[in-house]
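This report describes how parts of a two-chain model pack against one another. The sequence and structure are shown first, followed by the description.

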Amino acid sequence: MARDKNTLLRDFHEARWDEPFIFEMSVPGERGVLVPRPCEEVASQAGDVIGELPEFIKRKTQPQLPEVGQMRVNRHYMRLSQETLGADVNIDISQGTCTMKYSPKVQEHLAARNPNVTEIHPLQDPSTMQGILEVYYRTEQFLKEISGLDSFSFQSGGGAHAVLANAYIVRAYHADRGDDKRDEIITTIFSHPCDAGSPATAGYKVITLMPDENGYANLDAMKSSLSERTAAIFITNPEDTGIYNPRIKEYVDAAHEAGALCVYDQANANAVLGIARAKEAGFDLCHFNLHKTFSAPHGCMGPGVGALGAKGFLQQYLPVPRVEFDGEKYYLDDNCPNSIGRVRSFLGNFPVVLKAYMWIMQMGADGLREAAIISVLNSQYMTKYIRQIPGVVIHYAEGKRRLEQVRYSWEKLKEDTGFGTEDVQRRLVDYGVQHYWMSHHPWIIPEPFTLEPCEAYSKDDMDEYLSILRQISKECYEQPDLIRNCPHNAPIHRLVKTELNDYEEIAVTWRQYLKRNNK
Amino acid sequence: MQDNKVVYPYIPNSVPEIKAELMREVGVTDDMELFEEIPEDLQLKGKLNLPPAIRDEYSIKKHTEDILKKNINCSDFLNFIGAGCARHFVPAVCDEINGRGEFATAYGAETWADHGKHQALFEYQSMMAELLDMDFLTVPTYDGANAAASSLLMAHRINGRKKVLLPRTMDPDNLTIIRNYLQSVHQENALEIVLIDYDLVSGLMNLDDLKQKINSNVAAVLIENPSYLGFLETKAEEIGRIVREAGAEFIVYTDPISLGVLEAPANYGATITCGDFRSLGLHLACGGGVGGFIATFDDMKYMQETKDLVDGLTETIVEGEYGFATTMIERTHYALREKGKEFTGTGTNLWAITVGVYLAIMGPKGMWEVGDTIMKNARYAAQKIAEIPGIEIKFSNPFFKEFVVNFDKCSKSTADINRDLLQLEIFGGKDLSGDFPELGQSALYCVTETHSKEEIDRLVEALREVSR
């Protein structure tokens, strides 16, 4: 049996294992693995190491971990993996803003299996880590060219973390200038929530610009918000709507005129690789998510890397240690007196940087540009047909070409059928694709959904996805019963409650669950 | 077949015919028409200046392996560096599961379609809760230092106080991460960090100094157990009493692989336990295999102050079936932007799943045995090293897997000794002389279950030789 050639729909059912919790599989005495034991001589020479400890510090009751043989542990987690739809197994156009591109296996295998990656201690003598440092150094040169900025750090463990580090740099920059009045930052509502959340964590008051009737962050509102208190603007372009703001330079210039820095959130830079850069738009700082734009996988949310870029005059503030090259050997430089110091331990997530390095090397300048072109082409192709699906509305930017993603709306569907974006989202899995991303909060666009068919997806993938959306729209209009209690073909059924907030209903661990249920 | 047009294996629509068809569909004849919203002066003129691409898979693999061959790894040489990143045994099943494409390439989607991911994360939280003897954890953050920093801010939100006390023996790199995190634009909004002295003989926290510094302005006292310098904080129970009597939170930063044999901090008074889980089934990966956890008791006062995402167990419409739902999402900046507790984001969830696998496969017996092996191996190594003339073990207090070796009575500096050890294909312990000058020429040595007697003996012989 194969996918229906006419409808492009599949008769799909995700694995449903009714898998118990690992605790329920426990059989007293079973062992999953044996660990090295000290030889007799070591044991007798060392003596009763634990027995000699003060009483309070000795473990009194063994942790209530499950006791399960190895095959059953492996099988359990294999089953759980089958009940998960990663980008490897579904057409992951759904998670717009996240750039769910293919993570090439050659990169995955090398990063996970090569002992010159897996068995390197980050504090080894630099003479024994020349390969590691070379990869860092070379990847930094690539990102400098791709952004036009002058220096990069790979220490941040994710995109929001890089935005936090950028906020630290903004803080250090103004403090060094003796300017202690600047305690506000400006962002836009369609920029990622971390552009508000991370600077707030660094102590900034956040001003958020709302969109005008065309979907652009209101420029006049920004100009009137700028003052001697503005430390920086943190902004995305194209925003989560996929709309590129052509007047971005005016925002940047206005901010600079007011003495503020300009920070470009390029977590998702897929639309502009080799097309447009932070430098030409005038930005002082930026960051790229290597686990989005540069092909490293998302790992159920990490580990990732937020690669942070800075213009020359801000280079002195970057996290230490810096990877440098003296023409012969690579070395680590800790002697950067103005540096913000560290934001994460050691050198960051090296395996993620390695994957980005390999990906960029395979793509080259032409390939990066092709990735941007195809991702935008794909998105515009899908928009053309999604626009025609009954129930869909596209807010803002009528007649304008959006870039790599679009935030759509089921506003009309909701009016017509009572079913909104959450209902459609629930049904998607019945056709073998992951939940789509609706929107960050608050929902400015009603009943939102955000799709990003990046360069990894074929025309056939997109056509199948379009068929699924068309089919679900049709079902909403014609077969409401089918929608009401979907999903039907997922590992589990519809949740009774989708948000848990009260003490009585909170069970994020097995022991909380047992306690709440008096077991 | 000759064709100059490159078709990229990772870009299916780079096939010229398909690309042309798509361009027709969207009504463009030139690539750049797609980008007509980007003003010309912001468009990149010309091509990025990057090295020639290595397009075929065999060659990119070879190219990268050749660069990496310039490394010397901890299987080539014998490694005794730990310093928060010790090498431990990684069961093959851990690698098998985190290599599964379903997990490796999934992201943040909620519930149904990713049910297995949510169950695996729930089990991570659950097994960590058992190990830590606490009740509540979210998904992890970047590393232990970031977990410690967030724990301190939690304490501040809980009691409104603005000073935190940290041990002077803590990892100086972690300290800079914490300093950054507790800093604020306006000084009056920052948390003040005060370090507590330690006893140079035992390594333990100086309780007089603690008593002098603790007062009703102190939000939290954080101790490390085992400490960065390896020794066990055997006054932890007493410290906890002093801290709680002052109305402050008692935060214990721990190494989870020690907790099969050592008591969970919750049982000697910790109100928040945090740390890095890198010892539980993860490779060194040059510091890539790290992740930070924060655990609390089943008390809203604490639970609602955590910053990262977490999903809880809940019912579906089918009786007896369970699923997972977002829990207290209003804590986070995903829901409330700048009004969230602290920032959050993509952390280290694939490693959390791996830690779950590790704890499941180890079980209580495995965790006891690994702790016992580590302590015996490390004690044996320290005993043997102490027999070398001119070399001393610095602190008198018991330790877990790391200990400070002092070379003051040798004619060589720690740096010289490490350089000579390198010639003998050994990575000597981390040089402490820069960060802890009061310890003289000292190094932090780490011995784990991965070291055999023969390897320890080889180190001892090498130290004997190079310290002469």
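## Helix packing, domains and chain contact

Helix α5(B) passes α12(B) in a left-handed crossing, a crossing being left-handed if the near helix is turned anticlockwise from the far one by less than a right angle, and right-handed if clockwise. The model is predicted: local features need pLDDT of at least 70 and side-chain atom pairs count only at pLDDT 80 or more, while totals for chains, interfaces and linings use all residues. Residues are numbered from 1 along each chain as its sequence is written, with chains lettered from A and ligands numbered from 1 in the order in which they are written.

Helix α5 of chain B covers residues 115-132, and its axis lies 8 Å from that of α12(B) at an angle of about 55°. Axes are lines fitted to C-alpha atoms, for helices over the stretch in contact, with angles from 0 to 180 degrees between N-to-C directions. The angle makes α5(B) oblique to α12(B) (under 35 degrees is roughly parallel, over 145 roughly antiparallel, 65 to 115 roughly perpendicular, the rest oblique). Helices (H or I, at least four residues) and strands (E, at least two) are DSSP runs, numbered from the N terminus.

On α5(B), the contact residues include Y124(B) and M127(B), and on α12(B) they include I353(B) and L359(B); residues are in contact if their C-beta atoms, placed from the backbone, lie within 7 Å.

Chain B has domain 1 (1-42), domain 2 (78-88 + 365-466) and domain 3 (92-358), with bounds from an automatic or database domain assignment. The centres of domains 2 and 3 of chain B, taken over C-alpha atoms, are 28 Å apart. Contact between these two domains involves 23 residues of domain 2 and 26 residues of domain 3. Helix α12(B) gives the most to the domain 2 side, with six residues.

Chains A and B also meet, with 185 residues from chain A and 183 residues from chain B in the contact. Helix α10 (residues 350-386) of chain A supplies the largest share of the chain A side, 21 residues.

The table gives residue classes (Ala, Val, Leu, Ile, Met, Phe, Trp, Tyr, Cys and Pro nonpolar; Asp, Glu, Lys and Arg charged; the others, Gly among them, polar).

| Contact of α5(B) with α12(B) | ten residues | two residues | one residue |
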